[in-house]
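Please read the following report on one protein chain. It moves from the chain as a whole to single pairs and residues.

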Amino acid sequence: SSSKSHLLQTWYRSNQPRNMIENRMFEEEPDVVDLAKESTTFPTSQALDPDDVVYEPRSSRLLVRGLGENDMDEDDEDCESSARLLGMSFMNRSGAHRSLSSPYTRQGAPRSCARPSARTLVVCMLFLVIVASMTMVLYFLPGCTFTRSGCPKTNTTIPFEKVYPVSTSGEVFPWAQLRLPRSIRPLSYDLTLNPDLDSMTFTGRTIIHMSVLHNTKCIVLHSAYLNITKATFKARGVTVLEYKPREQIAVAFTEVLKTGQDCVLTLEYSANLSHTYDGFYNSSYTEKDGSKRVLAATQFEPLSARKAFPCFDAPDFKATFLIRIRRKPNHLSLSNMPKAKTTQLPNDVIEDEFEKTSVNMSTYLVAFIVANFTHISRNVSETQVSVYSVPEKWEHTDYALDTGCKLLEFYNGFFEINYPLKKLDLVAIPDFLAGAMENWGLITFRETSLLVGKQSSNLEKQVVASVIAHELAHQWFGNLVTMRWWNDLWLNEGFATYMQYMSLQTVFPQLDIGNLFLAVRFRALDKDALNSSHAVSTEVNKPEQVEEMFDSVSYEKGASILLMLNASLPGDQQFRKGIIQYLKEFSGLNTDTNDLWNSLTQVSAQHPNVSEMMSSWTSQKGFPLVTVSRKGGQVTLTQEHFRLTSDNATQTSSLWIIPVTYVTDNCSVAPECRRTFYLKTKSGKTQKSVKWVKVNYRNTGFYITHYEDGGWAALIDALSHNVSVLTHEDRASLVHNMFALSRLGRVSFHQVLHLLKYMSNETHTSPVTEALLQLGVIYRLLDKRQEHRLVARMKSYILHQFGSLMDKQTWEEEDSVSKQELRSALLGMACSLNEEKCISQSRALFKQYVESNGTSRIPGDLQQVVFTVAAQSNEDWATLLTMYGQATYDAEKRKMLRGLASTQDARLIVWVLKAGLRGDVIQTQELPLVISTVCNGFTGYLFVWDFIQENWDSLIEKFPVGSFAIQTIIKSATSHFSTQAHLDQVQGFFYSLRERGSQMRSVQEALETIRLNQRWMEKNLATLEKWL
Ligand SMILES: [Zn+2]
């Protein structure tokens, strides 16, 4: 179709890395794929030294990309994989041989290829030569580029041209790859920074001590938006070349720098403080008396250290840092290390010098802040823990200090390695985009992720405690042991996410984190079910791909598979032992995924190979659907890839090694009831003469289960007699899995409704919140399609099904987190459906709150419901806006903002969106939240779509392409669409963006989601008509 070819052309032009182009084309145009793959693979890289020679075609990059982008160090292209891509079947590789190297381990193939037989080698070479010459001939055909239709347009560029980029000064830049050369290794940095908060500029000096690892004639490092004013090497002035598109600078020498030599490069520079949320950025806030305060802070992960100082800005170029910051007397400065000395300089300038880092660290973990914050401190073991905030919020810092100290003690014990620095600062920054950032010794937070009011509910404390737990876990996972490259970001994020839930369960059981972790695993499954998902460990090169790794696959799927592994290991200490072994072995170093699995394999000898099992979960995208069928006493388990969008082109036989757990009607609740069955092949059998079997005990496994042959009916029957025959996690997982299977088309919506009947006896939080969430999604889709009759019936169905539970909820203060979660979900749903009692209760509470002038309190977990109801009246909306302007407690403020954004008044919606973009009344960091809230409502979702199209360039200036904020914005703005017209619009808009965003994975997710919504509606509207 025409949209397809348009799409292809866009991708040709958008300079995507090889694997992405291939995947995308594979999905869309199978005919072109083979050719493209051949073309990218044919030039074997052995003949080329990537440090010296780089070919880069000016057009049709697709063809020879393999040459330019291959990094010799990482390159695991080999003749087997080339052959596989070329479809060679004569490689002397029987199926049996191939299966020796696990399909999951990428290392397998190259080793086996190291000593190919002479015949293989000759045949292989011959074939490659033939393919190469054929491709060359085709390529040199006049005016031919490869497309499906042959030679559709003229191409006059000379294809093979040796191209080094041209630097800003017009001279040739001596390096042509995204990743830095490995010939130089930095040993230590000596940084002096001199920010001027009046002019919003800074100057700096960076002295880098380096070691030459391989003979080289140039030093290449990163620098972005820095104006280098002076460069010295061996006491002589040198010229610095800059190639801006890759944020690289280089010093070229006429003589070779010899291996083993140490050298020093000094760079002086000036720059503007960044006005976005990364690099060395400025921020301001207004105090109660109206005075404006400015501050400067840093956010470097993943690629922004280079915006503050020239550096080798990649995680495996670790070094030590000595940092000096100059400031005015009314400010203080903070950095990773404790302050060593303070010097008074002329003109009322003070220079703080911090101790040299006692550890080697990656550039993305460096941090410094200049501000007028206040702090509170306490000592834990050998570490001074402090919490910093703007002065007027200092009374909200107690909880964070207490929690930080407890968790630090816990981790010191758990990892059996003490936190290595003498201080640990937790700092609340008024302008901060991410939730928090784990800079070593200087963790930065959003105010909402660190500050807790005296009267805050446990639910609000849960948020703060889990963010602190996450960032503290990073001090080991990420800071002490760091992933080698961003492709394994999950080693940082999956682990920190897992540890955050694990540590909270142990240290703060009253915070009841279990429901949240369960819900998080469900959301990770939902996202990973999309064809546009990716493997946990996946190749990344370009900056926006690095940004995109910060997604739910790295965080939540990463955490989920660690839980699965831990649950499948015998005893509760094996997993911990493996982690300790890993941290000790690689302390101060960089690792990849296999290093972790190897450490865990070493400590769990009796267990089936951990490395083999876990690689099946990290190297392929998606997860399995396990189908349970029963014939007589025989239970058969079958696995297949759970894939919502099936594309025949990529039908691969994905297999996972699944630790399938199950319980039966004989014994179903206690942990001892659990049985484990390793499903390694397509299907497996076991004998069980039981009434019913429930697979995936407590939902610790990352898969979805379908029950055939009356299996569902038996479970539903059991539940309708007694809900307690299964744990609440098991009940919630039945609810989640049933909805997912309905989306897959494996069960009808009628069956979903059948399962939900048992809900009239359900009182536990997780099954109810999961059901409400899933029904809410369908309700909103129907609402937006204006299926008025069905909307009304859906509404009465929900109110009927959950009405008695809704009625039971109180509006007073409640201590239990689980009960808070339950009632905020129930009452949130009731009020959004305009249920009368809920609305009047909310209004009464709001009135009381306003009239009491701040003395009466709305319970924290109900504030959202109350503010949202209030915002529906224009008068109360205005009151809420005034309150929002005055509120100092940020968690509450955020709920007011969500209230404001939930208005259904079109003019107010436009105002809120614009204010969020401007950043005066509503901080720009809150815009993703504003957008997702507006999109939930009927009035707002079309406004948002227009807003995003009109303001795209301002948005990506604030939030980098690929960043989590942009992912959220795209997802919110498009996930409510379910019609062809909207699909076409979304597709048209994003493709028109080209390099400004068309290549993002979240765009693919958005399109796939709209198609799935469309398909679900087509399939189920009739069922809904019939059964609701
Ligand atoms: Zn993290």
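Of the contacts in the protein chain between residues at least 6 apart in sequence, 71% join residues at least 24 apart; a contact means heavy atoms within 4.5 Å. The model is predicted, and local features need pLDDT of at least 70, side-chain atom pairs count only at pLDDT 80 or more, and totals for chains, interfaces and linings use all residues. Residues are numbered from 1 along each chain as its sequence is written, and side-chain values use heavy atoms, with hydrogens and water left out.

The protein chain has 35 helices and 29 strands. Helices (H or I, at least four residues) and strands (E, at least two) are DSSP runs, numbered from the N terminus. Of the 1028 residues in the protein chain, 60% are buried. Buried means under 20% relative accessible area, exposed means over 50%, and partly exposed lies in between, with a 1.4 Å probe and protein chains only.

**A pair of helices**

Helix H13 (residues 514-528) packs against helix H20 (residues 728-744) at an angle of about 20°, and their axes are 11 Å apart. Axes are lines fitted to C-alpha atoms, for helices over the stretch in contact, and angles run from 0 to 180 degrees between N-to-C directions. H13 is therefore roughly parallel to H20, a term for angles under 35 degrees. On the H13 side, the contact is made by Asn515, Leu518, Phe522, Arg523, Leu525 and Asp526, and on the H20 side by His728, Glu729, Ala732, Ser733, His736 and Arg743. Sorted by class, the contact of H13 with H20 has four nonpolar, four polar and four charged residues. Here Ala, Val, Leu, Ile, Met, Phe, Trp, Tyr, Cys and Pro count as nonpolar, Asp, Glu, Lys and Arg as charged, and the others, Gly among them, as polar.

One residue of this contact can be followed further. His736 lies in helix H20 and is buried, with a relative accessible area of 0%. Which residues is His736 in contact with, leaving aside its neighbours within four places in sequence? They are Phe522, Arg523, Leu525, Asp526, Ile704, Glu770 and Gln774. His736 and Asp526 are 210 residues apart in sequence, yet 9.4 Å apart in space, C-alpha to C-alpha.

**Cysteines**

A disulfide is a pair of cysteine sulfur atoms within 2.5 Å, and by this rule the count is two. The table sets them out.

| Disulfide | S to S distance | S-S torsion |
|---|---|---|
| Cys667 and Cys673 | 1.8 Å | about -70° |
| Cys831 and Cys838 | 2.0 Å | about -100° |

The torsion of about -70° is why the disulfide of Cys667 and Cys673 is left-handed. The disulfide of Cys831 and Cys838 is left-handed because its torsion is about -100°. Cys667 is partly exposed, at 33% relative accessible area, whereas Cys673 is buried at 8%. Cys831 and Cys838 are both buried.

**Backbone details**

Most residues other than glycine have a negative phi, and most peptide bonds are trans. Lys234, which is not a glycine, has a positive phi near 50°. Lys234 sits in the loop between strand E4 (227-233) and strand E5 (236-237), and is partly exposed, with a relative accessible area of 48%. Asp348 also has a positive phi, of about 60°, and is found in the loop between strand E13 (339-345) and strand E14 (349-354). Asp348 is partly exposed at 47%. The peptide bond from Glu301 to Pro302 is cis, with omega near 0°. Pro302 is placed in the loop between strand E10 (292-299) and strand E11 (320-327).

Terms used. Parallel < 35°, antiparallel > 145°, perpendicular 65-115°, else oblique.
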